[in-house]
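Walk through this fold with the structure open beside you. Start with the charged pairs, then move to the sheet, the helices and the core.

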Amino acid sequence: MKTAFLVQIKGIVTGVGFRYYTNREARKYPNLEGYVRNIKEGHVEVLVQGNETHVLDFIEWLKEGPSHARVDDIKINPIPISQSLTSFTVRY
């Protein structure tokens with residue numbers, strides 16, 4: 001079953017390679033789609049969709065992030081599936 005979430009991550013998540021490592025982690029799961037980007041408040045936003053098990057495992061990784069980051073707060077909101085996404089990318 002396919003599912004989708006919009007995730008907002010707060011903490012020390014900019015300037016530490018969070019987007020790069022998130023993109024790399026997403027590619028470990030087959031057919032994950034979405035993006036990771038910095039948002040102006042100094043947080044990171046991740047939209048992810050795909051196989052429910054893979055998405056939930058990926059979100060568990062987001063709760064910790066890469067070793068250089070510190071996740072202080074994470075908001076996970078279900079969203080409708082987007083037909084326009086075909087891969088997982090870093091947005092600038």
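Glutamate 60 and lysine 63 form a salt bridge, with their closest N and O atoms 2.8 Å apart. This is a predicted model. Glutamate 60 is partly exposed at 45% relative accessibility. Lysine 63 is also partly exposed, with a relative accessible area of 34%.

A search of the whole structure finds 6 salt bridges. Another one joins the side chains of arginine 70 and aspartate 72, at 2.7 Å from N to O. Arginine 70 counts as partly exposed at 44% relative accessibility, and aspartate 72 is partly exposed at 48%. Glutamate 25 and lysine 28 make a further bridge, at 3.1 Å from N to O. Here the burial of the two partners is worth checking. Glutamate 25 is buried, with a relative accessible area of 10%. Lysine 28 is exposed, at 58%. Side chains of opposite charge can pair when their charged atoms come close.

Now the sheet. It is open and has 5 strands in the order β4-β1-β3-β2-β5, with mixed pairing. β4 and β5 stand at the edges with a single partner strand each, so one side of each has no neighbour in the sheet. On average, neighbouring strands are turned by 15° against each other, direction ignored. β1 and β3 pair in the antiparallel sense over 8 bridges. Glutamine 8 has glutamate 45 of β3 as its bridge partner.

Next come the helices. α1 lies across β1, β2, β3, β4 and β5, and runs at about 170° to β5. α2 lies across β1, β3, β4 and β5, and runs at about 160° to β3.

Which residues of α1 are buried? They are Phe18, Thr22, Asn23, Glu25 and Ala26. These residues sit on the same side of α1, because they cover an arc of only 160° around the axis. An α-helix has 3.6 residues a turn, so residues three or four places apart point the same way. The buried residues of α1 pack against β1, β2, β3, α2, β4 and β5.

The largest nonpolar core has 21 residues. Those with the most contacts inside it are Ile9, Phe18, Val46, Val48, Phe58 and Leu62. β1, α1, β3 and α2 each supply at least two residues of this core. α2 gives the largest share, 5 residues. Take valine 48 as an example. Beyond four places away in sequence, valine 48 touches residues including Phe5, Leu32, Val55, Phe58, Ile59 and Phe88. In soluble globular proteins, nonpolar side chains tend to be buried together.

Methods: Residues are numbered from 1 along each chain as its sequence is written. This is a predicted model: local features need pLDDT of at least 70, side-chain atom pairs count only at pLDDT 80 or more; totals for chains, interfaces and linings use all residues. Side-chain values use heavy atoms; hydrogens and water are left out. A nonpolar core is a set of buried Ala, Val, Leu, Ile, Met, Phe, Trp, Tyr and Cys residues joined through side-chain atoms within 4.5 Å. Buried means under 20% relative accessible area, exposed over 50%, partly exposed in between (1.4 Å probe, protein chains only). Helices (H or I, at least four residues) and strands (E, at least two) are DSSP runs, numbered from the N terminus. Contact means heavy atoms within 4.5 Å. The arc is that of the directions from the helix axis to the C-beta atoms. Two strands pair if DSSP finds at least two bridges between them. Axes are lines fitted to C-alpha atoms, for helices over the stretch in contact, and angles run from 0 to 180 degrees between N-to-C directions. A salt bridge is a side-chain nitrogen of Lys or Arg within 4 Å of a carboxyl oxygen of Asp or Glu.
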